[in-house]
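Reader: Could you put the model up so that we can go through it together?
Author: Of course, here it is.

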Amino acid sequence: MNILQELYYGNIGEVNRKRNPKFTPNINKELALYNDICKLLNKEQRELFEKFLDLCGENHGNELEDTYIQGFKTGLLLAIESTKIEL
């Protein structure tokens, strides 16, 4: 794992990072909807739905990681560029 991935996964100084409260997921509503959907599905459909959710979660996680790394790189480029500006 590279340094940006270590930072992304919270392995470097991210223990005390505060989360923005407006982005806190509403787990109770998600769980209630999930349970409602599962009640409508037979065993085969539920297994397929679970595979779909797993794939979506994996893809979303990869997308978040890539976005995080790109944002970090952009921030560093801005910092480097700012040192070139004469004040």
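Predicted model: local features only at pLDDT ≥ 70, side-chain atom pairs only at ≥ 80, totals over all residues.

Reader: How many helices and strands does the protein have, to begin with?
Author: The secondary structure comes to three helices and zero strands, and from the N terminus on the elements run α-α-α.

Reader: And how do the axes of α2 and α3 sit relative to one another?
Author: Helix α2 covers residues 27–40 and helix α3 covers residues 43–82, and their axes come within 9 Å while crossing at roughly 145°. That crossing is right-handed.

Reader: Which residues meet there?
Author: On the α2 side they are Y34, I37, C38 and L40, and on the α3 side Q45, R46, F49, E50 and L53.

Reader: How many aromatic pairs does the structure hold?
Author: The structure holds one aromatic pair. Its rings belong to Y34 and F49, with centres 6.2 Å apart and planes at 20°, and because that angle falls under 30 degrees the pair counts as stacked. Since Y34 lies in helix α2 and F49 in helix α3, the pair ties together parts that are 15 residues apart in sequence.

Reader: How many disulfides are counted?
Author: The count comes to zero disulfides, given that a pair of cysteine sulfur atoms has to lie within 2.5 Å to qualify.

Reader: Last one, what share of the protein is buried?
Author: Of the 87 residues in the protein, buried residues make up 7%.

Terms used:
Residues numbered from 1 in each chain as written. Heavy atoms only, no water. Axes fitted to C-alpha atoms, helices over the stretch in contact; angles between N-to-C directions. Helix = DSSP H or I, 4+ residues; strand = E, 2+ residues; numbered from the N terminus. Left-handed = near helix turned anticlockwise from the far one by under 90°. Contact = heavy atoms within 4.5 Å. Phe/Tyr/Trp six-rings, centres within 6.5 Å; stacked < 30°, edge-to-face > 60°. Buried < 20%, exposed > 50% of the residue type's maximum accessible area, 1.4 Å probe, protein only.
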